[in-house]
Amino acid sequence: MSVVSSPTPSSPIRSLRRYTRILASLFCLLAIAVGTGIGALGISPSAQLSILAESIGLDSFATYHDPIQATVLKAIRLPRVVLGLLVGACLSVAGVLMQALFRNPLASPQLIGVSGGAALAAGVVIALLPGEVTSGTYGAWVLPAGAFLGALAVSLITLRVGHRGGTPDVVSLLLAGVAINALTGAGLGLLVFVADDAQLRSLTFWSLGSLGSATWTVVGTLAVATSLLLFFAWRNRLSFDLLLLGHEDAHHLGVPVATLQRRMVLVTAVAVGSAVAFTGIIGFVGLVVPHLCRLLVGPTHQHLIPLSALVGGSLLIFADTGARTIVAPAELPLGVLTTLLGAPFFLVLLARARKFA
Amino acid sequence: MTAVLEARSITVQRGARRLLDAVDFALYPGERVAVLGPNGAGKTTFLRCLTGAWTPEEGEIYWDGKPLSEWPARTLARRRAVVRQNGTLDFDFPVPEVVAMGLVPHGPKAQADADDIVRSSLQKVGALNLYDRRWSRLSGGEQQRVTLARTIAQLEGGSESASRALLLDEPTNHLDPVWQLEALSVAGKLASRGVAVLAILHDLTLASSWADRILLLHEGRTVSVGPPEAVLTDENMRSVFQLEATVLPHPVHGRAWVIPTRACFKDSNRHPENP
């Protein structure tokens with residue numbers, strides 16, 4: 001056998017990888033510090049550390065800080081920042097999953113109708129349910145529960161229609177998603193048509209996305225959903241690589257393709273459905289973050305999944321900090337801000353990719 | 001000797017078309033089998049049934065004497081590697097990671113010395129110089145060789161004691177003549193270590209020089225099975241390949257050497273320019 005041997009120094013991408021996870025973690029800590037520190041009441045990093053030390057019982061490390069700062073940090077800022085971290089990680093990793101499922105870097109959870117289904121169900125709750133239902137003791141949970149069920153129902157329909165002979169078929173899934181998105185869009189339009197002024201306002205607010213609903217209860221719920229997604233993604237990281245070879249080759253390499261694809265859709269629907277239920281629609285995170293991370297560490301899921309979670313979470317915290325401070329005391333809709341930033345960035349990425357191709 | 005893979009009277013029907021019609025075949029450890037036949041003869045369908053990607057309507061495929069469907073996908077993936085005709089990869093992986101995908105079925109144990117296996121697999125197909133490249137920057141032939149390296153890694157990662165098979169759908173596609181020979185020689189070396197190798201080929205003389213046995217398919221049926229000289233006859237050239245050909249013993253290796261002289265279309269699908 002003729003051998004063309006060559007010394008193979010570790011390629012630049014490998015040494016880059018070693019540092020990206022550390023850098024991303026630092027970036028994430030920075031995001032948390034900035035997100036909790038900036039606002040109507042400034043909380044300096046040293047005050048933050050002091051409050052942290054005090055609340056975990058290390059009083060001797062606690063220097064002086066204002067008790068109001070402690071209350072604001074613990075009850076308002078921190079839940080909101082943690083929610084941003086969870087939702088950003090959830091949307092980004094869901095994007096990674098959908099891009100692996102569709103074998104296409106342009107796929108996102110929106111494509112299979114998750115967000116559309118959640119939006120339609122939320123619209124029904126806002127515009128059609130009588131006011132008493134949403135104002136009782138559990139009233140605050142009616143909207144998220146409806147949105148979650150909507151997301152799940154629509155993705156189940158997409159999955160059911162997008163089948164060919166028992167196996168989810170990528171092209172059918174895609175087309176089913178397009179049709180279902182159009183349908184939920186039309187349904188939402190109809191609800192907008194029948195809604196009164198107050199309902200219209202809350203519909204619009206919901207569809208623009210916000211982390212304003214953050215409480216520790218909401219954070220707890222989303223922590224469960226996001227952990228489920230991250231656990232599933234990490235467990236199957238090698239199989240996702242193999243899916244990119246195509247179904248037949250993935251099958252030849254021992255991946256139970258049909259089962260895995262079904263689970264990918266369901267886990268994404270549950271996780272993104274939960275996120276959308278509490279925060280409304282936050283666009284472009286699930287599309288742009290995996291893209292950006294792929295540029296940094298390549299397409300291998302072992303590296304892509306943790307980095308997307310960290311970067312997505314951090315970016316969403318930064319975006320939310322911007323949303324609530326740029327026009328303070330008013331608040332920009334977060335979904336609008338992420339799309340305003342994400343879409344041009346995505347176009348730049350596309351143009352660059354064309355140049356290199 | 002038990003066959004590694006055995007097709008018992010398999011029939012595949014797609015709509016009104018019968019792609020395979022009661023095909024019987026057994027593949028034994030260490031042998032090299034070439035599958036030949038004109039376009040649309042059912043070669044790829046036959047291979048898909050052997051891999052379990054398609055389930056035949058009638059008949060059954062057996063691996064090691066047990067129906068294929070009863071084997072866990074993961075176990076099969078440790079013992080059986082496949083190179084498809086049109087392999088794709090939609091994201092831009094570095095070459096070593098493409099090859100390392102072949103080790104995934106073997107679990108975390110194989111990842112420990114993954115790099116050694118990756119390098120030796122690339123070396124076997126003469127592609128070690130591609131180690132630092134990315135998939136999208138490779139030519140079609142280079143991609144084909146890296147894919148072959150991936151399947152070698154898949155077979156090398158496993159134990160040598162279990163039955164193993166390598167199934168190739170036109171592995172010589174896109175390859176320069178030198179790499180066509182090398183690819184088949186690599187497959188041949190695996191066969192000499194007990195791996196059962198079955199390859200769909202187009203080049204009749206290449207098939208004859210490489211294979212121990214040839215399976216000749218035509219319109220979904222087995223026309224002939226046997227050593228190259230028995231299968232590559234003047235008569236089969238005419239009736240199956242619509243080819244007037246002289247078959248001589250090859251001056252170098254003595255196997256059948258097919259020299260086509262002219263087309264001989266049957267009346268039903270005569271070429272319009274040669275009435």
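Q: Quick one before we start: what counts as buried here?
A: A residue is buried if 20 or more other C-beta atoms, placed from the backbone, lie within 10 Å of its own; 12 or fewer makes it exposed, and in between it is partly exposed. This is a predicted model, so local features need pLDDT of at least 70 and side-chain atom pairs count only at pLDDT 80 or more, while totals for chains, interfaces and linings use all residues. Residues are numbered from 1 along each chain as its sequence is written, with chains lettered from A and ligands numbered from 1 in the order written.

Q: Great. Which residues of H5(B) are buried?
A: In helix H5 (residues 114–124) of chain B they are B:Ala114, B:Ile117, B:Val118, B:Ser121, B:Leu122 and B:Lys124. Helices here are DSSP runs of H or I with at least four residues, strands are E runs of at least two, and both are numbered from the N terminus.

Q: Why are they on the same side of H5(B)?
A: Because they cover an arc of only 155° around the axis, taking directions from the helix axis to the C-beta atoms.

Q: And what do they pack against?
A: Helices H3 (95–100), H4 (108–111), H6 (140–156) and H7 (177–192) of chain B. Contact means C-beta atoms, placed from the backbone, within 7 Å.

Q: Switching topic: how many residues of chain A touch chain B?
A: 27, in contact with 28 residues of chain B. H11(A) gives the most to that side of chain A, with 4 residues.

Terms used: Two residues are in contact if their C-beta atoms, placed from the backbone, lie within 7 Å.
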